[in-house]
Amino acid sequence: MILLKDVYKEYGKKKEKKVHALKGINLSIDKGEIFGVVGFSGAGKSTLIRCVNLLERPTSGKVFINGIDLLDLAPKDLRKSRKKIGMIFQQYNLLSSKTIFHNVAMPLILEGKPKEEIKEKVEELLDFVGLGDKTNQYPEQLSGGQKQRVGIARALATDPDILLCDEATSALDPNTTEAVLEVLKRVRDEFKVTILMITHEMNVIKDICDRVAVMENGEIVEQGSVVDVFTEPQTSIAESFVRTVLNTNTPQSVKSFINDENQIGVGGFYRVLFKGVSTGAPLLSNTAKHFSIDINVVHGMITELQEKPFGNLIVFLKGDKEEINRAVHYMKSQGVIIKEVTQDAI
Ligand SMILES: Nc1ncnc2c1ncn2[C@@H]1O[C@H](COP(=O)(O)OP(=O)(O)OP(=O)(O)O)[C@@H](O)[C@H]1O
């Protein structure tokens, strides 16, 4: 559906002033997927999303949409392909002097569609985003979340296959963000639209994305399913983003309590990750029954990822090393991920 191959983007002409905004991006996004790109300011996210519809032309590389390389197209064919790519923006980009109806109708008016067809389509879209009663109002009369829903309705007017979301919820409060994300989920489910969203908010990725790529300094440094990246981030930057929403670290007050080895005894700290079904099993009590070890739960959290439970526990396994190894082996066989960690890493 969306395929970026070795995409580079340089800004600036003079050698000493060149900015290498994208340095060889390879990305493949499937039809009907919600794909998130996260990164700090300046990582290259906006440049990346703007290269997908050629608002920015890559310096080199290829951009395939539905198997067609956009960079090979003549201007007329490019305009046609672009109609299949909708976009929504952080600042909504609505026309303040036009009504909500007119804002959503604009792409269809520009296409020269008949009035009746436009009316039917716009009303249907405004109903879809829950703003059927706002048709005659003006953007300034709406809240931020409502404006963004108008932006979504406008982007859907040309029946796109792809929706690009550029920090679409960054200006919104958490409740409004949730409502807009719900609409985006329905856009994917009901219209089968593929969604590429860039954000610096990891909670947005957690709430609606199927897969995520982490960008740093013009490169994708990590990508994978949301469950994999959240549960086992491979890079420190991915880990720091994950920590902004899943605080798996043991609070300092608990850490100082267990600082004294005499209090905890001989053994080791382990991080236990439960994904999906394994979250419901009474694993710790079974392990304590079967092996001569004590299990002390130091810290724990349970949340939901991709509508499945995910648990992260820090435990101290106390006892004979051989017995602990056998217990760890048993827990692994029950489908959890368990790793010994140093006291500093809990
Ligand atoms: N039109 C431009 N001309 C020159 N440099 C640019 C231009 N647009 C972006 N850049 C530079 O390219 C790099 C990547 O910028 P980009 O806006 O893509 O990052 P970003 O991750 O989207 O950041 P933010 O979250 O702050 O928008 C930055 O160093 C930026 O200064």
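How many bridges join strand E1 (residues 2-11) to E2? Eight bridges do so, and the two strands run antiparallel. Welcome to a quick tour of this model. The structure is predicted, so please bear in mind that local features need pLDDT of at least 70, side-chain atom pairs count only at pLDDT 80 or more, and totals for chains, interfaces and linings use all residues. Residues are numbered from 1 along each chain as its sequence is written.

**Overall picture**
- The chain holds 13 helices and 14 strands; helices (H or I, at least four residues) and strands (E, at least two) are DSSP runs, numbered from the N terminus.
- Its C-alpha trace spans about 80 × 55 × 35 Å along the principal axes.
- Of the 346 residues, 37% count as buried, where buried asks for 20 or more other C-beta atoms within 10 Å of a residue's own, exposed for 12 or fewer, and partly exposed lies in between, with C-beta atoms placed from the backbone.
- Residues 24 or more positions apart make up 69% of the contacts with a separation of 6 or more; a contact has C-beta atoms, placed from the backbone, within 7 Å.

**Domains**
- The chain is divided into domain 1 (2-243) and domain 2 (252-345), with bounds from an automatic or database domain assignment.
- Their C-alpha centres lie 40 Å apart.
- Each side brings five residues to the contact between domain 1 and domain 2.
- On the side of domain 1 that touches domain 2, helix H8 (residues 226-231) gives the most, with four residues.
- That side of domain 1 divides into three nonpolar residues, one polar and one charged; Ala, Val, Leu, Ile, Met, Phe, Trp, Tyr, Cys and Pro count as nonpolar, Asp, Glu, Lys and Arg as charged, and the others, Gly among them, as polar.
- UniProt lists residues 2-242 as "domain: ABC transporter" in an unreviewed entry; annotations of this kind may be inferred rather than shown by experiment.
- The end C-alpha atoms of residues 2-242 lie 25 Å apart, and the span is 38% helix and 27% strand.

**Around the ligand**
- Among the 13 residues around the ligand, Tyr11, Ala21, Ser41, Ser46 and Thr47 come nearest; a residue is near a molecule if its C-beta atom, placed from the backbone, lies within 6 Å of it.
- Strand E2 (19-29) and helix H1 (45-52) are the elements that give two or more residues to this shell.
- H1 gives the most to the shell, with three residues.
- By type, the shell has four nonpolar, eight polar and one charged residue.
- H1 is mostly covered, as six of its eight residues are buried: Lys45, Thr47, Leu48, Ile49, Cys51 and Val52.
- Leu54, with a positive phi near 60°, follows H1.

**Strands and sheets**
- An open sheet of four strands has the order E2-E1-E4-E5, with antiparallel pairing; two strands pair if DSSP finds at least two bridges between them.
- E2 and strand E5 (68-69) stand at the edges with a single partner strand each, so one side of each is left without a neighbour in the sheet.
- Strand E9 (residues 211-216) is mostly covered, with five of its six residues buried.
- E9 pairs with strand E3 (residues 34-39) in the parallel sense over five bridges, and Ala213 of E9 is the bridge partner of Val37.
- Six bridges join E9 to strand E10 (residues 219-225) in the antiparallel sense, with Ala213 opposite Gln223 in E10.
- The hairpin of E9 and E10 has two residues between its strands, and Asn217 takes a positive phi near 55° there.

How values were computed: Two residues are in contact if their C-beta atoms, placed from the backbone, lie within 7 Å.
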